[in-house]
Amino acid sequence: MHCTKVNGKALLPALAAVTESANTLLGPCRSRKQISQGGENVDCDTGAVFTANIVTVLRSLHVEHPIIALLLKTVESHINEFGTGATTLVTLVHTLTDAAMDLQHISPYRVTRGFGNALARCMTTLTRMRMNIQEWLRETSWRHDGGQRPLSYSIPLLGTALSSTHPDRAAAMAKAVEVALSMDSFDLSWPHHVHFHAFVGPSNAVHLTGLFLDISDNLDGWVTPHDGASGNLSTFSSHHFALMHGDIVFSSATCLWLESARVVVASGSICAKTVDWCRHRHAGQHAIACIPHQRLADLRHVSLAFGVSICEDVCERALDVAGCAIHASVYTLHNRTFLRLEHDSQFRTTPVTVLVGGMTASAAVETQAQIVNALHRLAHALDDQVVLPGGGAAFAACAASLRRQPPAPDDVDVELATRRFGEALEDWCVGLVLNSTSLTDATLDGGYLAAKTKLHDVLAAFDEGEQDDKFLEATFYGASLTPVPAPRGTYQFDGYTSTKAALTSAVRVVSLALNIGTVIINQP
């Protein structure tokens with residue numbers, strides 16, 4: 001076995017270099033990245049992916065450095081938990097890594113202690129700043145009945161406040177609000193009931209009830225599942241639905257497996273002989289619709305929505321005791337053809353499918369990712385019932401709080417690390433302001449100075465307001481307290497739990513990189 005030794009001092013520069021790519025992805029005027037030879041979702045005409053999704057950017061980097069693998073794992077875990085806040089996490093890692101590199105003359109243990117003390121102070125500040133959604137709705141409504149607002153009232157207002165001024169992300173939030181209102185109930189379980197299809201076509205998104213399978217590439221000799229009695233598109237039991245993960249080849253066992261099926265969906269191919277057998281049954285027997293080459297995710301959606309088991313062998317299929325009725329129909333949109341599956345019962349949760357079109361494959365996937373992000377922001381805000389002021393106000397308040405923290409004369413190094421943590425948050429806010437629309441017409445140097453001036457005014461406003469012990473709990477975070485204020489007459493919020501988790505994860509990644517001495521890497 002061959003091993004490679006990596007000095008721990010090389011971890012921080014590598015982390016700073018990779019996370020710097022996220023700086024222009026923060027804020028309302030984020031810049032898309034062009035990824036050449038990006039693998040999946042590559043546009044056929046350009047051979048590249050254009051994206052503003054930091055997760056896509058990190059996954060496309062061909063970097064073997066161990067600290068980058070840790071960063072990617074941290075970001076993926078955060079996305080799996082919250083579905084949003086990845087850009088905030090990575091940009092915080094960058095500013096905190098720069099801070100740690102400035103403190104390399106101090107013991108890593110003391111820097112870690114200083115960062116830990118600063119994080120605890122920030123968590124306290126963020127907790128004080130949280131705002132109750134129902135109280136906000138009552139204060140912003142002309143009616144004051146004292147009761148809790150229904151979702152049909154609160155979701156549109158909350159969606160507007162959680163949205164961005166960037167046109168694409170604002171459109172994504174508008175579509176997310178429509179999807180949420182179309183569901184029987186909207187909560188953190190929405191990913192089980194909302195499905196997406198991204199395709200090349202006109203740039204728009206349409207949400208429809210039901211589960212959709214794309215059959216556009218399987219229309220040659222397509223046989224729609226029919227009701228044998230009336231000849232119309234049928235309503236049949238889920239017992240007549242067959243799902244196969246893999247290829248289907250013709251055999252006597254296959255014929256027996258498909259004997260009672262009306263629709264067979266496979267993630268692999270279905271051999272021509274099996275397709276011919278399904279189409280031309282004996283007299284009096286119904287034809288079987290064959291749908292090959294479907295995504296495994298779609299098979300899982302069908303399995304979850306209708307209680308159909310996924311088989312990996314033709315001998316595995318077993319009928320579920322409690323079946324449900326499925327209504328099948330064909331739906332066409334922008335030259336794409338879909339098989340639409342709906343519950344023929346009002347007692348089951350109705351699935352929703354969002355058909356997302358884009359001028360290129362990567363554009364469609366990017367739009368889908370933005371809608372998913374918006375749905376996560378909505379769901380977590382409704383679940384938390386609290387939000388944080390947006391536009392950078394939360395981290396600006398944390399930076400101001402660290403500036404006011406009394407010095408600790410017993411350990412100067414820890415105090416220095418705590419102060420540098422606060423300066424890192426200020427740098428993060430400056431980057432946010434630089435990527436805002438208010439400074440796009442300024443020169444590079446003038447824009448930076450204007451951003452620093454704006455942040456200085458915001459921090460001074462926090463210092464002045466903190467003379468009142470209840471200032472953070474009772475204040476209105478308007479333009480004077482927000483680095484990037486919302487347009488007049490609107491509100492701007494950020495998620496509460498996701499923001500706190502992003503800051504915590506960023507501190508942990510940097511602290512771990514700071515305290516690693518030597519990394520041993522196995523090589524084949």
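1. A residue counts as buried when its relative accessible area is under 20%. In this predicted model, Trp136 and Phe493 are both buried.

2. A pair of aromatic rings is described by the distance of the centres and the angle of the planes. The structure contains 11 aromatic pairs. One of them joins Trp136 and Phe493, with 4.9 Å from centre to centre and 75° between the planes. Planes over 60 degrees apart count as edge-to-face, and the pair of Trp136 and Phe493 is therefore edge-to-face.

3. Where in the chain do Trp136 and Phe493 lie? Trp136 belongs to helix 6 (residues 133-140), whereas Phe493 belongs to strand 17 (residues 493-495). The two residues are 357 residues apart, and their pair links distant parts of the chain.

4. Trp136 and Phe493 also belong to one aromatic cluster, which they form together with Phe476 and Tyr491.

5. Three strands, in the order 5-15-6, make up an open sheet with mixed pairing. Strand 5 (194-200) and strand 6 (205-209) are the edge strands, each of which pairs on one side only. From one strand to the next, the twist averages 20°.

6. Strand 6 pairs with strand 15 (residues 352-358) in the antiparallel sense, over five bridges. Within this part of the sheet, Val206 stands opposite Leu355 of strand 15.

7. Which helix packs on the sheet with a direction at about 5° to that of strand 6? This is helix 8 (residues 167-182), which touches strand 5, strand 6 and strand 15. Helix 12 (residues 361-384) lies across strand 5, strand 6 and strand 15, and runs at about 160° to strand 5.

Terms used. Residues are numbered from 1 along each chain as its sequence is written. This is a predicted model: local features need pLDDT of at least 70, side-chain atom pairs count only at pLDDT 80 or more; totals for chains, interfaces and linings use all residues. Side-chain values use heavy atoms; hydrogens and water are left out. Rings of Phe, Tyr and Trp (its six-membered ring) pair if their centres lie within 6.5 Å; planes under 30 degrees apart count as stacked, over 60 as edge-to-face and the rest as tilted. Helices (H or I, at least four residues) and strands (E, at least two) are DSSP runs, numbered from the N terminus. Buried means under 20% relative accessible area, exposed over 50%, partly exposed in between (1.4 Å probe, protein chains only). Two strands pair if DSSP finds at least two bridges between them. Axes are lines fitted to C-alpha atoms, for helices over the stretch in contact, and angles run from 0 to 180 degrees between N-to-C directions. Contact means heavy atoms within 4.5 Å.
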